[in-house]
Amino acid sequence: MARTAPRIPGIDRVDLPEVRQAIPYLHAYLRDCVLDGRLPPGTTLSQVALADQLGVSRTPLREVLRMLQEEGFVESEPNQRMRVAGFDAAELDSDYACRITLETLALSMTIDSLGEKERRQGAKILATMRRAARTGDFPAWFAAHHQYHRTMTVGAPQPLLRQLKSLEDRSVRYIRIYQQSEPSGWQSAGEGEHAAILEALTAGDDRAALAGLANHLARTALRVMADCAPDYRPTAVPHAVALATGTSVAPAAQAPAS
């Protein structure tokens, strides 16, 4: 008798909407489960067992898993199974290098349009992030964090913003890893860096704002890599920072203390 795959804790049955919306709805649900840790890295996903647990047919589930695989959230295994992708330091290094390069470019295209209204909005968003961090409201923090970064890059063309959104989405689960490793202080360094970027923009110091953004993104990536893959030596992130700031690449890339 074939063994039944164990149920995955925290995964509930879903009430799918009408057929045309079933796949987007299921995709959003499972994607959120990966991002918030309900589906931890390495979790085996049996299509039969998962479809039964979710209360859905295998046809939309198969399509959703294919979409998640294309996004890098799951990987294929033998016997029509998949598993949640594990930590990949090289992928994180590359993704954040791309974010540093493209996001500083987008900020440079936005700076001239960031007036007093936008700066006040940025300050309000930072206050929302601080409140969410204090109460442990991660969904509210991530929503405000995304809003803050998009305020800083809103002047970029839509194709560039779509690329940034994809990179940001891929990096969210790595930030979750960071949060788990520093449950009481993961937000403290970032809080100061976000504020410093806004202060530089208010002061008209464009170079400091661009360098602050590049180093903020780099610090997050380097810290996660140092915690989760201490033997991995980052290469892409230091080069991206050097390009964005006009400095030389450090001889040894190490994560600064939080």
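A nonpolar core, the term I will need first, is a set of buried Ala, Val, Leu, Ile, Met, Phe, Trp, Tyr and Cys residues joined through side-chain atoms within 4.5 Å. Buried here means under 20% relative accessible area, while exposed means over 50% and partly exposed lies in between, with a 1.4 Å probe and protein chains only.

Before I go on, please keep in mind that this is a predicted model, in which local features need pLDDT of at least 70 and side-chain atom pairs count only at pLDDT 80 or more, whereas totals for chains, interfaces and linings use all residues. Residues are numbered from 1 along each chain as its sequence is written, and side-chain values use heavy atoms, with hydrogens and water left out.

Let me start with confidence. The term pLDDT is the predictor's confidence in each residue, from 0 to 100, and the protein chain averages 86, with 89% of the residues scoring at least 70. Over residues 253–258, however, pLDDT stays under 50, and the model has nine contacts beyond four places in sequence for that stretch, where contact means heavy atoms within 4.5 Å. Where pLDDT is low, the predicted coordinates should not be read in detail.

In soluble globular proteins, nonpolar side chains tend to be buried together. In this model the largest nonpolar core has 61 residues, and the members that touch the most others are Leu30, Leu39, Leu45, Leu54, Leu61, Leu107 and Val237. Helix H9, residues 206–228, gives this core its largest share, 10 residues; helices are DSSP runs (H or I, at least four residues), as strands are (E, at least two), numbered from the N terminus. If we look at Leu30 and leave aside its neighbours within four places in sequence, we find it in contact with Leu39, Leu54, Leu61, Val64 and Leu68. There is also a second, separate core of seven residues, among them Leu102, Ala106, Ala156 and Leu161.

What holds charged side chains together here? A salt bridge is a side-chain nitrogen of Lys or Arg within 4 Å of a carboxyl oxygen of Asp or Glu, and the count comes to 13 salt bridges. One of them joins Arg31 and Asp169, at 2.8 Å from N to O. Arg31 lies in helix H1 (residues 19–35) and Asp169 in helix H7 (residues 158–181), so this pair ties together parts that are 138 residues apart in sequence. Both Arg31 and Asp169 are buried.

Another salt bridge, at 2.7 Å from N to O, is formed by Glu168 and Arg150, and it links helix H7 with helix H6 (residues 138–151), the two residues being 18 apart. Glu168 counts as buried because its relative accessibility is 7%, and Arg150 counts as buried at 15%.

By contrast, Arg223 and Asp227 both lie in helix H9, four residues apart, about one turn of the helix, and their side chains meet in a salt bridge of 3.1 Å, N to O. Arg223 is buried at 12%, whereas Asp227 is partly exposed at 34%. Salt bridges that share partners also join Arg99, Glu103, Arg150 and Glu168 into one network.

Finally, a word on cysteines. A search of the whole structure finds zero disulfides, a disulfide being a pair of cysteine sulfur atoms within 2.5 Å. Cys33 is buried, with a relative accessible area of 0%, while Cys98 is partly exposed at 37%.
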